[in-house]
Each structure stands twice: as C-alpha cells, then as structure tokens.
Amino acid sequence: MTAGAEQTVARRSLLQRLLSTGTLSYRLGLLALAMIVLAAIFAPFITPYDPIALDMTSTLHPPSFVHPFGTDHLGRDVFARVLYGARIDLQIGAIGVAVPLLIGTVVGLIAGYFGGWTDAVIGRVVDVVIAFPFLVLVIAIVAMLGPGLLNLYIALTLVSWVLYARIVRGETMALKRREYVLAARNLGFSHSRIMFRHILPNTIAPAFVFGMSDFALDVQVGATLSFFGLGVQPPTPEWGLMIAESRTFLLTAPWAIIAPGAAIVVVSLVVSLIGDGLADLARGIDGR
Amino acid sequence: MGDSRMTGASAGLVIDDLSIGFAGGRREAISSLSLAVSAGESVGLVGESGSGKSLTARAVLGILPPGVAVKGRILFDGASVLDLSPQEMRKLRGSGVAMIFQDPMSSLNPVLSVGDAIVQVILSHSGVSRGEARSRAVELMQRVGIRDAASRASSYPHEFSGGMRQRIMIAMVLAARPRLLLADEPTTALDVIVQAGILELLADLRRSEGMGLLFISHDLAVVAAVCDRIAVMYAGEIVEEGPTAAVLSQPNMPYTLGLLASTRRVRGTRRLSSIAGAPPPPGERPSSCRFAARCPLVVERCLAGPIPLAHVAPGRTARCVRAAEVSRLDPSIFASTEKVVHV
Amino acid sequence: MSSPLLSVEGISKTYQPGRSFLERRSIARPSLIDVSLALDKGDILGVVGESGSGKTTLARCIAMLEHPDTGRVMLNGEDLVTMPGSRLRARRRLIQTVFQDPYASLNPRLTVGSALAEVMLVHRLETKQGVRAKVMELLAQVGLPASAFDAYPNAFSGGQRQRICIARALAAQPDILIADEPVSSLDVSIQAQVVNLLLDLRDRLGLAVLFISHDLQLIDFIAPRIIVMLAGEVVETIPDGVPIQDAKHAYTRSLLEAIPSLDHIFRAETNPTRRETR
C-alpha cells in the first residue's frame with residue numbers, strides 16, 4: 001500500500017526531528033541512555049568477569065583496579081553484575097512501558113473516539129484499577145501469580161495500561177472535534193483509518209512522555225520486587241536483587257549496595273531528562 | 001519622518017522611529033514606525049496579519065515577547081514608556097493605557113461574578129461608593145450589549161459564551177476609564193449588531209472622557225466608522241497615513257487601493273478584486289518598496305532603493321513614488337489580477 | 001421535472017445537554033428547526049446568520065457529520081439520514097466541506113501530497129501510479145506550487161492552507177461543496193483570492209455550492225439565492241434577482257443597518273474627474 005510508504009516518510013522525519021532537536025539536557029539524556037544500552041549489550045567486551053561466577057577467595061573486596069566496584073560476599077565482581085544487571089533492568093523498563101503503552105493506547109483511542117457506552121464501560125474499568133495504589137497492586141498480582149520475570153511483566157501491564165488509556169482517551173476526545181478529523185469523516189474514511197492515521201499520531205506524544213517517567217518507575221518496581229524475592233531469582237544479576245543480597249553487609253561492604261543503587265538512580269534520571277525533553281518537543285510540534 | 005505635530009503634543013501617545021526585531025534584530029518585524037494618538041483622538045491602524053500592527057500595540061503596553069530588540073521611543077503623556085520600571089509600567093497599564101485583545105483568552109477570574117469583577121475595577125480607579133460602582137457596572141454591561149444586565153451581573157464567567165465573555169472583557173477594560181485604549185481587533189469575533197453597539201460606546205467614551213483610541217483592524221469599513229485618522233501598515237512599516245475619509249476616498253498608495261478593492265462587493269461583477277500574492281515575512285523583505293512584488297503599478301524607480309514616507313498633501317503621508325498618480329486611480333485596477341491555472 | 005441534486009427536507013437538531021447531574025445546564029435549545037432547502041448542479045446558495053444561528057449545525061447535518069433528529073437529506077433521490085453506515089461512507093465524498101479554521105482543518109503530520117492522495121486512493125478514484133500526477137493537477141488548479149506536494153501544513157499561510165483544504169475536497173470529486181465561513185479567518189486581500197477560486201471552480205466543475213457566512217455583503221455578492229437564519233430557523237429566503245437591500249424581514253434589515261459600510265466613500269468616487277486608467 002502506498003499509504004504505508006507515505007507513512008514511513010512521515011515517521012522517519014519525526015524520528016529525525018526527535019534526535020536532532022531539543023534542549024541540551026534532552027540530548028545529554030539521549031546520549032547517556034545510548035551509552036548505557038551499548039554498555040549492557042557489549043558487557044562481555046567491557047569486563048572480563050562472569051557476573052555469576054563465584055570466587056570465594058576474593059569476597060567483599062573494596063573497589064580497586066582489579067575490581068572497579070569491588071566484589072560482593074560471594075566474590076562476584078560488582079561492576080560486571082551492574083553491567084549485566086542493566087540488561088534485565090532496562091528490559092523491565094522497556095517491556096513494562098511498551099506493552100501497556102500499546103494496549104492502553106488502542107483502548108484509549110477506541111474509548112475516546114466512539115464515546116457512548118463503549119467509553120463508559122472502559123472508563124469504569126480504568127477507574128477501578130486506578131483506585132488501587134500502583135505498587136500494592138503489582139505486588140498483589142505477582143504474589144498471586146508467583147515470582148518470576150514473566151509474571152512481573154504481566155502484573156506491570158495489568159496495572160499500568162489504564163494510565164495510558166486515560167491519557168490517550170482524553171487527547172482523542174479533544175482531537176475528535178478538530179476540523180481535520182471532521183474532514184476525514186466527511187471524506188468517507190473508515191473509523192480505523194481515522195483513528196490510527198489521523199488521530200493516533202497526534203495523541204501519542206503525551207503517552208510517550210508519560211512512558212518515560214513510567215520507565216523509571218518500572219525499573220524501581222522491578223528492583224523492589226526482586227528485593228522482596230518476588231521478581232528476578234538469584235543468581236541472576238539484577239540491581240534490586242543485588243541490593244537485597246548485600247544488605248547484611250551494608251556497613252562492611254557498602255560498595256556492593258551503592259553501585260546498583262546508583263545505577264537505578266542514574267537510569268531514572270537519564271530517562272526523566274529524556275521525558276522532559278520530549279514533553280517540550282511535543283509542545284513545539286503541536287504548536288501552530 | 002519628523003512630524004511637528006508629534007513632538008509638540010505632550011498629552012497622548014507618541015511613537016517615534018520604533019523598530020522591533022526578532023532573532024537579535026535580524027528579522028525586523030517593525031521598521032522605523034512613527035505614529036501619534038492625541039487625547040480624544042481615534043487612529044486606525046490597518047494592515048494584514050503579520051504586518052506588525054498588533055506588535056506595535058504590544059510595544060506600547062510593554063508586553064513584547066522576551067528577546068526582541070527594540071529601538072526608538074514611545075512616549076505617553078511625555079513619559080518614555082520603554083524606560084519605565086515594571087511597577088510604573090503596571091500602574092500605567094492599570095489606568096493610563098489599556099488594551100482589548102481580539103481573543104480574551106481566559107483572563108476572567110472564574111470565582112468572581114462578572115458584575116463583581118467590573119465593580120472591583122471601578123472601585124480601584126475612582127472614589128465612588130459600592131452602590132454607585134454597582135450601577136455603573138450594570139450600565140457598562142448593557143452598553144456592551146448584554147441583555148438583562150442587572151440579573152446577569154451575578155453570573156460567573158463560565159455561564160457566558162465566548163462572545164459574551166469578550167464583551168465583558170471590554171466592559172471591564174472600559175470600567176478603568178483609560179486615557180488611551182488600544183483595541184486590537186476588538187469586535188472581529190462578534191456579531192455585527194453587537195459590534196455596532198460597542199463601536200458606539202467607544203465613540204461616546206472618546207467624546208465624554210477624552211479617551212484616545214488606537215484601533216487596530218483589518219476591516220476598513222469598521223475603521224472608517226470609528227477613526228479620525230488612519231495609518232495603513234504593510235510588511236512592518238507605515239505606507240500611508242492621513243484623515244480617514246481622505247485616505248479611503250483617494251488613497252496615495254496602491255496597497256490601500258488594493259485593500260479597498262478587496263472589500264468592495266459590486267453586484268454584477270463576476271469576481272472580487274484581489275491583491276495577488278502575499279506580504280513578505282520579516283527577514284525576506286526587500287530594501288526597496290516592500291509592496292512592489294504585488295503592485296500593478298510597479299516601475300523601475302520602485303525597485304531602486306528604500307522609499308521614504310513623504311508628505312503628499314496637508315496632513316497626509318504616503319510611501320510611494322507614484323503617490324500623485326495613484327490618487328487619481330480607481331480600485332478596479334486590482335480587478336482579477338490573479339491568474340488561476342487552468343488544467 | 002426530476003428531483004434536485006440535493007434536497008433537504010425539514011431537518012431539526014437539538015443537542016442534548018450534558019447528562020452529568022453536577023453540570024447546571026439550561027433546557028436543551030434546538031439549534032436547527034425544520035430547515036428545508038434545495039440545491040442543483042451549478043447553484044450557489046448563500047446561508048447567512050450570526051453566531052448561534054445554527055448555520056454550522058446545518059452544514060454538519062447536510063454533510064452527515066451530525067445526525068439530524070428529524071427530516072430528510074436527499075442526495076440524488078436517496079435519503080442519507082436513514083442510510084446504513086457502509087453505504088453512507090461511499091456517498092460521503094459527494095458532499096465535501098471547507099471548514100472555517102484553516103489551521104485546524106489539516107492533519108499536521110501528513111504532507112499535503114499524502115493527504116490529497118489518500119482521498120483518491122481510499123475511494124479508488126485513482127490508481128497508485130496515477131495519483132501523483134492527479135495531485136499535482138489539483139495543486140495547480142487551486143493555485144499552489146508543485147513544491148507543496150512534499151511540504152507539511154505548517155509551511156503554509158492561512159490562505160494557502162484554505163487552498164489545500166479546497167484541493168482536498170476536490171480530490172473526492174464531489175457534487176456539492178459546503179463552504180462554512182471559508183474566508184472569515186483570512187486577511188481581506190486573501191479573502192478575495194479564495195472567494196474567486198471557489199467561484200472559478202464552481203464555473204469550471206459545475207459544483208453546487210452552499211456558501212455559509214456571517215458577512216451579508218459577501219453573501220450578497222456570491223450567492224444569487226440567500227437564506228437568512230436566526231436561532232435555528234430560516235427567517236427569510238431571498239430569491240434570485242432580489243438585492244439584499246430589499247430584504248423584508250426585520251432581522252435581516254437590522255443586520256443590514258448594523259454593517260459598517262464604505263459606500264459613502266465609494267459613492268464619492270463617481271466623481272467625473274476620476275477616470276479609470278489602464
């Protein structure tokens with residue numbers, strides 16, 4: 001379909017705009033995130049250590065040239081574990097945002113576009129889910145389903161799609177009355193064409209911006225659940241789990257906690273920088 | 001253009017050689033603009049969007065966007081507006097100079113009834129009693145065309161439509177009894193019957209209180225109804241100025257003629273007259289006559305260099321090398337100059 | 001005589017007030033009461049009224065963007081109001097609208113070329129191979145350069161955007177064009193350009209035009225037949241050949257009186273010393 005080809009042109013130029021414009025902090029955020037992702041992918045080339053190999057001869061070593069972030073109580077290199085841990089935590093953030101974003105956007109689009117009883121039913125479900133505290137609900141669901149990464153994703157999705165649905169629904173209701181959407185209806189376009197080609201590209205920006213703050217939250221939730229033993233299981237390197245495992249050595253070997261803790265803080269910061277920048281850009285693009 | 005009237009008059013507004021530029025002055029939005037509005041006088045500032053007319057009013061009110069480069073002088077009752085401190089500026093905005101915007105945004109306080117809002121303005125600008133202020137507020141509401149003003153005064157802004165809120169904004173601004181009113185397309189969004197009432201109210205205030213009026217509009221007929229003098233702006237500069245009736249009946253600048261032609265609807269003619277093309281945006285304006293590219297009368301002299309704003313008749317100036325000839329022409333020279341491509 | 005291209009028969013529309021009990025709303029006031037009109041190929045019908053007169057509701061009901069509560073909208077003898085959705089969608093392209101605000105009427109994320117091509121491809125009016133040439137033709141027809149094809153709406157001024165909107169409407173190859181205050185947000189010199197374009201297209205393509213405006217003088221210039229609306233009702237119909245100055249209804253007369261006019265200045269122009277040069 002040529003419409004598809006046309007869309008890629010539009011999308012590429014949007015992507016180009018996202019990368020080439022924006023404030024300094026936004027660009028720094030992008031650069032930092034790219035470096036973190038690359039470091040996670042190329043972890044085997046950056047550190048010689050195996051993140052799960054035990055070395056009982058060198059436990060709880062402080063940071064040195066050999067072990068830049070020191071070692072933990074089982075003699076594992078903390079730097080290597082933080083690097084490999086990024087793979088899991090970035091994945092939690094990415095999947096924890098992408099799946100709910102996708103589901104919430106489609107549901108919100110349908111609710112906002114059709115209105116009426118469709119909207120009323122979806123609105124009730126959203127209200128019920130939002131009524132519970134986020135973390136409590138995630139923990140409850142994971143506790144029900146049992147620990148593990150897959151169940152964590154399911155819990156995150158069940159809880160956070162409603163937030164995206166609410167954002168997109170609101171935007172869609174506003175856009176529905178814009179004259180270019182009326183024009184699209186007037187031109188005899190199908191509902192799905194109007195929703196996905198004419199409304200969606202103009203409503204997705206706020207959901208995306210919210211997704212960036214949600215990313216940081218998901219990483220923290222993932223870490224929290226692992227800390228409680230409900231998320232990732234040992235010996236997998238994951239930041240929250242690393243903190244949990246090393247907490248008894250807080251006073252003797254603080255580096256084993258500080259390093260993964262700092263990693264969580266840095267990723268949250270970087271992602272929120274990008275989120276702020278995206279929010280600015282979205283305002284700029286939509287301005288007349 | 002040193003007009004002796006401008007420097008002599010101390011009461012009222014004098015804008016002298018004002019230039020406003022964006023992007024560090026590289027894109028000049030307004031170029032060497034001089035204009036005076038004395039007390040009780042009404043001057044119409046006419047031009048298309050982007051000509052710089054709204055920006056001129058904003059400069060007078062000291063509400064320019066940040067980062068613009070301003071040159072020149074703006075005097076109000078002899079005091080230089082551009083040198084005022086923020087506090088002094090606020091005081092000036094309160095009672096000296098007031099502005100009505102085309103789009104009043106949501107500048108009405110939502111938790112205050114509209115009557116109380118107007119009463120507050122009246123109380124802060126005059127020593128009348130509360131009861132007196134109340135009845136004056138109702139009267140103002142009636143004057144701007146709000147029916148059942150006495151009972152509507154206790155309604156809140158959200159209970160009014162957009163057009164009604166615009167009228168309430170106008171009543172509120174006028175309640176402050178400004179000595180100079182800047183009205184930026186105040187009635188464009190309103191219906192003609194309401195518009196007629198508001199224009200009459202403005203004329204009354206001018207007569208009874210000596211209020212000066214700078215009336216910004218693209219509608220020549222409205223300006224003709226309200227203003228003593230008219231200044232026509234094109235692409236950031238004044239291209240013609242003079243008494244309204246004289247300028248509109250015998251313009252000295254082809255652009256004015258073109259605007260007149262565009263508004264004239266003669267039954268029986270097959271097409272409206274129009275000015276082909278569009279005005280050049282800031283940064284793309286030629287150093288010669290800025291209207292030359294759209295002008296049906298363009299000659300070589302027009303493109304040679306900047307055209308000064310010259311005196312062409314008593315009290316009248318124009319920025320055109322063929323000013324004398326233009327005054328003898330009929331708007332129909334603009335009739336269907338536009339070509340539509342046929343396929 | 002055969003039935004007209006479009007015949008609107010007694011349509012009414014009342015917007016239901018918000019159902020929320022917290023919202024204090026007055027009783028629903030009808031925005032359209034028993035309006036009828038007919039339009040044939042090449043006709044221009046003017047609709048004049050102030051804000052709140054129901055003229056935009058009328059436009060939206062005819063284009064089936066709002067569903068009238070009662071009455072019929074007959075297009076080529078078929079009632080659009082009772083037509084099932086799938087068939088209606090195919091008929092929609094025959095009645096096109098040019099909206100008031102050119103800044104809100106174009107999708108900011110679609111290039112002009114793709115927005116116009118989409119219309120023809122969806123309705124299979126052009127093949128994928130031929131669509132580009134046809135878009136270029138439309139752009140030329142509304143007086144836009146070929147370079148507009150790859151540009152986004154934000155690159156254009158209000159007047160140019162309105163030309164794009166007109167081109168998009170034409171891409172659907174309509175029989176009827178509803179122009180709902182198409183020039184009221186444009187500068188005077190640009191207004192005339194867009195009005196002339198609409199008149200040209202009417203002449204060339206034989207479109208039927210429903211021209212809606214609050215500007216009595218403009219309507220009077222453009223439309224031989226005029227209906228005057230007030231509070232959802234047609235209060236006066238001014239037939240072909242009757243100048244608007246001869247309108248009978250008190251409301252039309254009060255509108256005429258309220259319009260500031262330059263006539264006194266133009267009258268001064270009939271001074272015999274002035275002559276037309278060129």
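Predicted model: local features only at pLDDT ≥ 70, side-chain atom pairs only at ≥ 80, totals over all residues.
**Surface patch, a buried leucine and overall chain form**

L38(A) lies in helix α2 of chain A. L38(A) belongs to a nonpolar patch on the surface, which is formed together with V37(A), I41(A), F42(A), F45(A) and I46(A). Taken together, these residues have about 590 Å² of accessible area. Two elements of chain A, namely α2 (residues 24–41) and α3 (residues 43–46), each give two or more residues to the nonpolar patch, and the greatest contribution, three residues, comes from α2(A).

A leucine in another setting is found in chain C, where L6(C) has its place in strand β1, which covers residues 6–14. L6(C) has a relative accessible area of 1% and therefore counts as buried, because the limit for that class is under 20%. When the neighbours within four places in sequence are left aside, L6(C) is in contact with L37(C), A38(C), L39(C), I62(C), V73(C), M74(C), L75(C), I95(C) and I176(C). One of these residues, A38(C), is 32 residues away from L6(C) in sequence, while the C-alpha atoms of L6(C) and A38(C) are 5.6 Å apart in space.

Turning to whole chains, chain C contains nine helices and ten strands, and 56% of its 278 residues are buried. Among the contacts in chain C that link residues at least 6 apart in sequence, 67% join residues at least 24 apart.

Chain B contains twelve helices and twelve strands, and 54% of its 343 residues count as buried. The C-alpha atoms of chain B fill a box of roughly 65 × 50 × 40 Å, taken along the principal axes. For a chain of 343 residues, a compact globule would have a radius of gyration near 20 Å, and the value of 21 Å for chain B therefore agrees with that expectation. Of the contacts in chain B with a separation of 6 or more, 63% are accounted for by residues 24 or more positions apart. Chain B exposes about 14300 Å², and carbon and sulfur atoms supply 53% of this area.

How values were computed. Residues numbered from 1 in each chain as written. Chains lettered and ligands numbered in written order. Heavy atoms only, no water. Patch = residues over 30% accessible without salt bridge, like charges linked within 9 Å, V, L, I, M, F, W, Y side chains within 5 Å. Areas by Shrake-Rupley, 256 points an atom, 1.4 Å probe, with all protein chains shown as cover. Salt bridge = Lys/Arg side-chain N within 4 Å of Asp/Glu carboxyl O. Helix = DSSP H or I, 4+ residues; strand = E, 2+ residues; numbered from the N terminus. Buried < 20%, exposed > 50% of the residue type's maximum accessible area, 1.4 Å probe, protein only. Contact = heavy atoms within 4.5 Å. Rg over C-alpha atoms; globule rule 2.2 N^0.38 Å.
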